[in-house]
Amino acid sequence: MKTNTLATMVFTGCLAGLPMAAQASYCGDGNTLTFAGIGWESGDFITKVMETIFAKGYDCKTDTITGNSITLENAVATNDVQIFAEEWIGRSDIWNKAESEGKVQAIGDTFAGASEGWFVPTYVVKGDEARGIKPVAPDLKSVDQLKDPAIVSLFSDPEEPSKGRFLNCPSGWTCEGVSTAKLEGYGLGDSYTNFRPGTGTALDAAISSAYKQGQPILFYYWSPTAIMGKYALTQLEEPAYSDACWANLTDPAAKHEAACAFPSVKVAYGVNSEFAKAAPEIIEVLAKATFPLDQVNASLAYMVDNEVDAAKAAEVFLKEKADIWGAWVSPEAKDKISASLN
Amino acid sequence: MFPESLNFSIRKPINHFVDMLVTNYGSTFRAISDAILQVLLLIEGVLRGTPWWVVIIAFMVLAWLGTRRVVLTIGVGIMLLVVGMLGLWDQTMQTLALMTMATLISVVIGIPLGILAAKFRSVQRIILPVLDVMQTMPSFVYLIPALMLFGLGKVPAVLATIIYAVPPLIRLTDLGIRQVDHEVVEASTAFGGSPMRILFGTELPLAMPTIMAGLNQTIMMALSMVVVASMIGARGLGETVLNGIQTLDVGKGLEAGIGIVILAIVLDRITQGFGKPRRFK
């Protein structure tokens, strides 16, 4: 009797195992697909969309772990997190190192045409008649002009009134190191305080607050973002990008005597390499999943205008734009996802 | 599931209210902010401008006056020296300035409120639940609107620190005065003391050890806020810790963390020393 039971168990075990092996899939094997819970809006939105696609269309158990980008990149390298949905390739030392060691790889393009730079609100240059704001620096066009004492006093730092304030990225973001190097490279280190707001929320709050009050403010920012879609901002011109200059800017130990613009960016899905081997069906989807930039901006603006979170914006996007995401997934998955939304 | 028909949200009205405040009254709040900032910059200017050894000697003198213990006095000197040797002197002085400012305002607000709460039961009934809210509300909830109104940096950090750190001072001032022996107060009344005289001549001196314990707690809680304060751009030891952890530079974070601990120990021992009733004078 005992042996019989055992035999049956082994037998059914084999039976149960067989179909699994036949269509071995990462999620089918009961693995959880963990996304990096990226803090900024576009990353948050894209993560929610991709999470829904895999959860509903491919029956994956999904999870999101929040953290700052460096911690999450590290987690992708250790396979604690499988997908980092908006990785700005080449920007982070941790990522570059993990990529050169073969622990992580970039798949597809999350979106094309992302940009970043130093900005001022457009009313600083052109004024805003509707709000009664006069242009305070009508000639301001490029970063060279920031040295001008009149411009410095315009962006005066209340904590150190003799200097201007440059609002950098929060420390721990890759752009923080680069903007710090640029400040030195453009020779602005003595006339501007390098102000790190501590968190992304604080950066956004500072910009919104200044914008609503019509005050001049000089800051680093990037697109696609809700702030960029909501406010009229003017990017300051910088000398053209060159590889040598960029190598200097991204080396924290180097001395920075000149600086240049940010390079155009490749934004891709960052995934763990072992995971990529184990889950070709997921990689296949990621490779095709390129969000049109105007669609990302529209979804972010939708979030702000309707005061909803990224999950809601993702739901609306999936409901209304099946023609966009439908091309990324298999026909069966598309039907399943559509069915789950109604 | 909770029935959706019963849902209500204060989200949008609150958002619009904050928006309205920022847009229409921004300049008023900026003026308040500038006033606080001027005092803070003054304190910071003094602390950062004074040579390091003068600051260390000043702290040692304070420790001696407070405790009259040689070992502790020397210990305070050595610990501050370590902070300097770790390369954290400037950050420590910035943090100290922030703490001093927050503590000063806390004393100005906290002690009178504590006295009122001790004297009037109705005041106490209102204040205690408010203090509970102040101590449990996650600080980021009020940090971000404070930042939008008062600007990025030190001022919202000071305000947030006060909100978090003033409750123990109010509670312990209240408690200290209530604990003063009734017979002593009755005796003072019998000798014809006016209520003001009884308060300043009898009750406050007798409550002083408890009030000092409250001040000590306020300082400790203010120190525990420095990392949170750095999240809205307040510079000092907190920023170094934040930078350390956000860049996975554990060593840097720990160094600055040690700096905060040292500052805490030094301030704790000194205020405790002043709080203890002195036997030999």
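A residue counts as buried when 20 or more other C-beta atoms lie within 10 Å of its own. Keep that cut-off in mind. This is a predicted model, by the way.

Start with chain B. Take B:Thr73. Buried or exposed? With 21 other C-beta atoms within 10 Å, B:Thr73 is buried, because the cut-off is 20 or more. Where does B:Thr73 sit? In helix H3 of chain B, residues 70–85.

Now its surroundings. Leave out residues up to four places away in sequence, and B:Thr73 touches B:Met60, B:Ala63 and B:Trp64. B:Ile270 is 197 residues from B:Thr73 along the chain, yet their C-alpha atoms are separated by 9.3 Å.

Over to chain A, and its domains. The assignment gives two entries here: domain 1 covers 30–112 + 265–341, and domain 2 covers 115–249. Taken over C-alpha atoms, the centres of domain 1 and domain 2 of chain A are separated by 30 Å. How many residues of each are in contact? On domain 1 of chain A, 17, and on domain 2 of chain A, nine.

Stay on the domain 1 side of that contact. Which elements give two or more residues to it? In chain A, these are helix H2 (41–57), helix H3 (69–77) and helix H13 (293–305). H13(A) supplies the largest share, seven residues.

Terms used: Residues numbered from 1 in each chain as written. Chains lettered and ligands numbered in written order. Predicted model: local features only at pLDDT ≥ 70, side-chain atom pairs only at ≥ 80, totals over all residues. Helix = DSSP H or I, 4+ residues; strand = E, 2+ residues; numbered from the N terminus. Buried ≥ 20, exposed ≤ 12 C-beta atoms within 10 Å, placed from the backbone. Contact = placed C-beta atoms within 7 Å. Domains from an automatic or database assignment.
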